[in-house]
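The exercises below are to be worked with the sequence and the model open. Each has a task sentence and a solution in steps.

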Amino acid sequence: MAARTPLIAGNWKMHKTEREAEEYIQALLPLLSGAEGVQVAICPPFTDLHAMVDSARGSPVEVFAQNVHQEREGAFTGEVSPAMLSEIGVHGVILGHSERRQLFAESDRALALKLPAALSAGLRPVLCVGETEQEREEQATERKLRTQLDHDLSGLQRDQLAEVVIAYEPIWAIGTGRVASPEQAQEAIAFIRALVGDRDRSAAERVRILYGGSVTPDNAAELLALTDVDGALVGGASLRATSFAEIVAAAR
């Protein structure tokens, strides 16, 4: 089994002005002095990215964006290209978050284009997949995950698969305070790894798969100890430096 470095990524969503972000990063960095062996990323809004790249330079914290367009340039009002992110030193990007899919109609077709575009620009993509509460109740979780991954990864070559980070986010657990049981999380994430293995067994051993969905300092250790879980995509608990640092510590 290939060694997989845990990744703890904090998705700030639409929170924090640049001033608030600066206060946050200055509070966070001293708390991560013992974070060896864990990759840490914060995912601020577009307006905070440049400042966070500057403030986190030389630290263990990487900076990821929350979205990106697939084209290098063009008439796409309100969008940001991969080249624009990489030029300012952004390290990666979240793609396909359920809020993007549900609220902004982001499609699997678009994601199939965004993933290779992000990789070509040197960005680490974090691809989010997951089922709704109704789909879980109808025992359609595996069908939903298979459909998303078949479409979203279709634009990648086999040797690119392990460069993608996949985040399993049961939609019914995002921002609700509910969390998948360890058994539910392990089962879904093991299935995702098996789907990657259908395309390339070596990539399946190396690809990192995160859990996301109401991760807190209280439940992080149990979730991160699961066999196939390689980290967490953290929402609300990442907005406070202290609670985010506690989750990072749980991954060590």
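Valine 248 is buried, with a relative accessible area of 1%; buried means under 20% relative accessible area, exposed over 50% and partly exposed in between, with a 1.4 Å probe and protein chains only. The model is a predicted one, in which local features need pLDDT of at least 70, side-chain atom pairs count only at pLDDT 80 or more, and totals for chains, interfaces and linings use all residues. Residues are numbered from 1 along each chain as its sequence is written, and side-chain values use heavy atoms, with hydrogens and water left out.

**Exercise 1.** Find the element that holds valine 248, and list the residues with which valine 248 is in contact.

Solution. 
Step 1. Valine 248 belongs to helix 11, residues 241-250. Helices (H or I, at least four residues) and strands (E, at least two) are DSSP runs, numbered from the N terminus.
Step 2. Outside the four places on either side in sequence, valine 248 is in contact with Ile8, Leu32, Ala35, Val38 and Val40. Contact means heavy atoms within 4.5 Å.
Step 3. Glutamate 36 is 212 residues from valine 248 in sequence, yet their C-alpha atoms are 9.9 Å apart.
Step 4. Widen the view to the helix: the buried residues of helix 11 are Ala241, Ser243, Phe244, Ala245, Ile247 and Val248. They pack against strand 1 (7-11), helix 1 (18-28), strand 2 (39-43), helix 10 (220-224) and strand 8 (231-234).

**Exercise 2.** Identify the residues that touch the most other members of the largest nonpolar core.

Solution. 
Step 1. A nonpolar core is a set of buried Ala, Val, Leu, Ile, Met, Phe, Trp, Tyr and Cys residues joined through side-chain atoms within 4.5 Å. In soluble globular proteins, nonpolar side chains tend to be buried together.
Step 2. The largest core has 71 residues, and those touching the most other members are Ile8, Leu28, Ile42, Ile166, Tyr211 and Phe244.
Step 3. Helix 8 (residues 182-199) supplies the largest share of this core, with seven residues.
Step 4. Take Ile166 as a case: beyond four places in sequence, it touches Leu127, Val129, Leu149, Ile192, Val196, Val207, Arg208, Ile209 and Leu210.

**Exercise 3.** Describe the largest pocket by its volume and its lining.

Solution. 
Step 1. On a 1 Å grid over the protein atoms alone, a pocket is an open set of points with protein on both sides within 12 Å along at least five of seven lines, whereas a cavity is a set where a 1.4 Å probe fits but cannot get out; lining residues have an atom within 4 Å of a point.
Step 2. The volume of the largest pocket is about 460 Å³. A volume is the space filled by probe spheres set on the points, which are joined across faces, edges and corners.
Step 3. Of its 20 lining residues, Lys13, Gln66, Asn67, Arg100 and Phe104 are the closest to the centre.
Step 4. Helix 4 gives the most to this lining, with four residues.
Step 5. By class, the lining has nine nonpolar, seven polar and four charged residues. Here Ala, Val, Leu, Ile, Met, Phe, Trp, Tyr, Cys and Pro count as nonpolar, Asp, Glu, Lys and Arg as charged, and the others, Gly among them, as polar.

**Exercise 4.** Is asparagine 67 buried or exposed, and with which side chain does its own side chain make a polar contact?

Solution. 
Step 1. Asparagine 67 sits in the loop between strand 3 (61-65) and helix 3 (82-87).
Step 2. Its relative accessibility is 7%, so asparagine 67 counts as buried.
Step 3. Its side chain makes a polar contact with that of lysine 114, at 3.0 Å. A polar contact is a pair of N or O atoms within 3.5 Å; within protein, one must be able to donate a hydrogen and the other to accept it, and residues adjacent in sequence count only if both atoms are side-chain atoms.

**Exercise 5.** Which residues line the largest cavity?

Solution. 
Step 1. The search of the whole structure finds one cavity of 30 Å³ or more, and the largest cavity has a volume of about 40 Å³.
Step 2. Its lining is Gly96, Ser98, Arg101, Cys128, Val129, Gly130, Gln148, Glu169 and Ile171.
Step 3. Serine 98 is in helix 4 and is buried at 7% relative accessible area.
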